[in-house]
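Biologist: I have a model open and want to learn to read it. Can we go feature by feature?

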Amino acid sequence: MTPRLVVAAASSGAGKTTIATGLMAALSARGLAVSPHKVGPDYIDPGYHALATGRPGRNLDPFLTSEEAVAPLFRHAADGCDVAVVEGVMGLFDGVTGGGDFASTAHVARLLSAPVVLVVDCASAGRSIAAVVHGFLTYDPNGHGPVGIGGVILNRVGSDRHEEICREAVAELGLPVLGVLRRRADLATPSRHLGLIPVAERRPDALEAVRRLGETVAASCDLDALLALARTAPPLHADPWEPGAEVARVGDGPVVAVAGGPAFTFGYAEQSELLEAAGARVVAFDPLRDEDLPEGVRGLVIGGGFPEMYAAELGGNKRLMDAIAAFTGSVAGSPAKPGSPRAGHRANGHGSVAGSPAKPGSRADRYGPVYAECAGMLYLAGELDGVPMCGVLDATAAMTPKLTLGYRRAVAVADSALTRVGERVRGHEFHRTAMTPPRGGTPAWQWTAEGPEGFVQGNVFASYLHLHWAGSPRIAERFVAACA
């Protein structure tokens, strides 16, 4: 069974990503096969984990998948590796609102029977960190017993004397100090409105940053002691997750094009694995650079990312936008403005009202499915911040000051190529944009009393909701079936 440990902290901003990514890089530099994981729905940190290890970063999220799926998904990625490092989310006990510590780092550590390394931000404290660590050692919100914290890493230590004070404080608790990192501004990773800048947007700089993190952690932490702690994890009594056991094979190699590149960086590795298990051939394309869709494409997946940062470039690639519009059954040409007579025609290609589902046998019904999450929905809109986009949806998108973030329990409000009315899913929202209108004539989901959202339009399914398809594998199966 793979040795493993969880890197946690008292709160966000304490240095989890810095230390977890650096630890992955340091262990990889030793020649170890390191399996990288992230608790929660975050898309960005796993990109840095992948750079550090050469393996896809994998998310472990009991809310988006299930409690029962966490250990199998972990084994799916980690079996055969020398060690696994799991980066936590927020503070150790922060989970679903109103759900105690459900979906928290502590919850996932319990599900994996993994020892925890607590990162302690010492920037504005000395002996007081002992009280913080003691609280985390003894806190037991659900009666499962305290989390198994096996040691601490002191972060943002200012001087030799400061280090001595903090070490003495932790020693009184009987915990080992497994590493000490000094305050270094050069280790900071640039961020913007939704967190760190993704690897795909700064790959050369990100490679250098991860290399420095690895060197810093190797010089500042006791890697042997950390490996010894990881090896204390007991065997996991769960079979590895197998995508072929989650879906039936319903296709014979239809090409599914998945958007990537700097503008569309949000995605989970299991999505492509499920599509392939259902019989698809997954091919990547970059809407910033590719002027045509992949040859023989039968379905499109356009996930999340940062199209707002690349609106001009995306809008300038008119040839690809026209190809996408044509693929959905829309009229090729410049995107129509919402509300214009042409907008409804462009939206579904057979003259019906924009947003209404295609009738069986209609022109749009003969086109492959398109699944768009968040950024993908913005790209299909008529405009994004005033820049013409694909014009498939009769709506405009714009940046707003408001951050919309959180888990969602959603119900499908319409039959579509991918969903059946009344089906329930768990997802999350993560954006600073707004769609006007927020829904089409046939919406996709509902999760608040404010009304439904999203667009079901012919074979196009677009919404702000992000899904982890390991929690909703039927969508992958239906998607590939629709490609046929």
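Modeller: Start with a strand. R4, V6 and A8 point one way from β1, while L5, V7 and A9 point the other way, and all are buried. Buried means under 20% relative accessible area, exposed over 50% and partly exposed in between, with a 1.4 Å probe and protein chains only. Strands (E, at least two residues) and helices (H or I, at least four) are DSSP runs, numbered from the N terminus.

Biologist: What should I know about the model itself?

Modeller: This is a predicted model: local features need pLDDT of at least 70, side-chain atom pairs count only at pLDDT 80 or more, and totals for chains, interfaces and linings use all residues. Residues are numbered from 1 along each chain as its sequence is written, and side-chain values use heavy atoms, with hydrogens and water left out.

Biologist: Why do side chains in a strand split into two sets?

Modeller: In a regular strand the side chains alternate between the two faces of the sheet. In β1, six of six residues are buried, so the strand is mostly covered.

Biologist: Which strands does β1 pair with?

Modeller: Two strands pair if DSSP finds at least two bridges between them. β1 (residues 4-9) pairs with β4 (residues 83-87) in the parallel sense over four bridges. L5 has V85 as its bridge partner in β4, and V7 has E87. β1 also pairs with β5 (residues 116-121), again parallel and over four bridges. There, A9 stands opposite V119.

Biologist: In what order do the strands of the sheet lie?

Modeller: The order is β3-β2-β4-β1-β5-β6-β7, seven strands in an open sheet with parallel pairing. β3 (58-60) and β7 (177-182) stand at the edges with a single partner strand each, so one side of each has no neighbour in the sheet. From one strand to the next, the twist averages 25°. Angles run from 0 to 180 degrees between N-to-C directions, and axes are lines fitted to C-alpha atoms, for helices over the stretch in contact. Helix α2 (residues 45-53) packs on the sheet and touches β2 (34-39), β3 and β4. Contact means heavy atoms within 4.5 Å. The direction of α2 makes about 170° with that of β2.

Biologist: How do I read a helix?

Modeller: An α-helix has 3.6 residues a turn, so residues three or four places apart point the same way. Take α1 (residues 16-29). Its 14 residues reach 20 Å from first C-alpha to last, close to the 20 Å expected at 1.5 Å a residue. The expected span is 1.5 Å times one less than the number of residues. In α1, 10 of the 14 residues are buried, so the rest of the structure largely encloses this helix. Among them are I19, L23 and L27. Just after α1, G31 takes a positive phi of about 90°.

Biologist: At what angle do α1 and α8 cross?

Modeller: Roughly 100°, with the axes of α1 and α8 (residues 223-230) coming within 11 Å. That makes the two helices roughly perpendicular (65 to 115 degrees; under 35 is roughly parallel, over 145 roughly antiparallel, the rest oblique). L23, A26 and L27 of α1 make the contact with L223, L226 and L227 of α8.

Biologist: Is G135 buried, exposed or partly exposed, and what is its accessibility?

Modeller: G135 has 30% relative accessibility, so it counts as partly exposed. G135 is found in helix α5 (residues 129-138).
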